[in-house]
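Please work through the exercises below with the sequence and the model side by side. Each task is followed by a solution in steps.

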Amino acid sequence: MSTDSDCLFCGIVAGDVPGTRVAEDEATYAFMDINPATPGHLLVVPKRHSADLLEIDPADLSAVTLAAQRIAAVARAELGADGVNLLNCCGADAWQTVFHFHLHVIPRYADDTMTP
Ligand code: 5GP
Ligand code: ZN
């Protein structure tokens with residue numbers, strides 16, 4: 001498994017950095033966002049390090065997307081979310097701050113106050 005010793009999310013996947021794990025499979029790892037935009041906001045990452053959308057291996061992108069879809073369904077069923085945003089930021093100018101590819105899964109509620 002390719003990891004980057006300087007990468008925060010590689011550290012969370014490895015258990016070297018604290019994180020609240022929600023789900024995991026062979027290729028992906030999901031954990032709660034430390035600064036949630038809405039209740040239940042989490043991040044899905046490939047276990048194998050890649051910096052961003054343009055670098056990620058297509059098989060890892062597929063695995064992460066499918067994991068996010070499964071988690072979105074759970075968010076609707078168990079958190080009572082009225083909708084879900086999937087978000088990826090690719091590049092610092094597009095708001096990416098952690099350079100290990102991740103999909104945000106953001107449950108949305110009819111009365112939430114989230115703004116872009
Ligand atoms: P980006 O801006 O790169 O799309 O998203 C990075 C996300 O990582 C942000 O939503 C931020 O709250 C989250 N984050 C940053 N540091 C940590 C951390 O140490 N632990 C967790 N669980 N999330 C983090
Ligand atoms: Zn990494």
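The model is predicted: local features need pLDDT of at least 70, side-chain atom pairs count only at pLDDT 80 or more, and totals for chains, interfaces and linings use all residues. Residues are numbered from 1 along each chain as its sequence is written, and chains are lettered from A and ligands numbered from 1 in the order in which they are written.

**Exercise 1. Determine the order of the strands in the sheet and identify the strands at the edges.**

Step 1. Helices (H or I, at least four residues) and strands (E, at least two) are taken as DSSP runs numbered from the N terminus. Two strands count as paired if DSSP finds at least two bridges between them.

Step 2. The open sheet has five strands in the order E1-E2-E3-E5-E4, with antiparallel pairing. Strand E1 (21–24) and E4 each have a single partner strand and stand at the edges, so one side of each lacks a neighbour in the sheet.

Step 3. From one strand to the next, the twist averages 20°. Helix H2 packs on the sheet and touches E1, E2, E3, E4 and E5, and its direction makes about 155° with that of E3. Such angles run from 0 to 180 degrees between N-to-C directions, the axes being lines fitted to C-alpha atoms, for helices over the stretch in contact.

**Exercise 2. Which residues of the largest nonpolar core touch the most other members?**

Step 1. A nonpolar core is a set of buried Ala, Val, Leu, Ile, Met, Phe, Trp, Tyr and Cys residues joined through C-beta atoms within 7 Å.

Step 2. The largest core has 25 residues, and those touching the most other members are Ala-30, Val-44, Val-45, Ala-68, Ile-71 and Val-105. Two or more residues come from each of helix H1 (8–14), strand E2 (28–32), E3, helix H2 (58–78) and E5. The most come from H2, which gives seven residues.

Step 3. Two residues are in contact if their C-beta atoms, placed from the backbone, lie within 7 Å. Beyond its neighbours within four places in sequence, Ile-71 contacts Ala-23, Ala-30, Leu-42, Val-44 and Val-105.

**Exercise 3. Is Val-64 buried or exposed?**

Step 1. Val-64 belongs to helix H2.

Step 2. Val-64 counts as buried because it has 24 C-beta neighbours inside 10 Å.

Step 3. Apart from neighbours within four places in sequence, Val-64 contacts Thr-28, Val-44, Val-45, Pro-46 and Leu-103.

**Exercise 4. Describe the shell of ligand 1 and the setting of Trp-95.**

Step 1. A residue is assigned to the shell if its C-beta atom, placed from the backbone, lies within 6 Å of the molecule. The residues around ligand 1 include Leu-8, Phe-31, Asp-33, Cys-89 and Trp-95.

Step 2. Seven residues of the shell are nonpolar, four polar and one charged. Here Ala, Val, Leu, Ile, Met, Phe, Trp, Tyr, Cys and Pro count as nonpolar, Asp, Glu, Lys and Arg as charged, and the others, Gly among them, as polar.

Step 3. Trp-95 is in the loop between E4 and E5 and counts as exposed, because it has 11 C-beta neighbours inside 10 Å.

Step 4. Most residues other than glycine have a negative phi. Trp-95, although not a glycine, has a positive phi of about 80°.

Definitions and conventions: A residue is buried if 20 or more other C-beta atoms lie within 10 Å of its own, exposed if 12 or fewer, and partly exposed in between; C-beta atoms are placed from the backbone.
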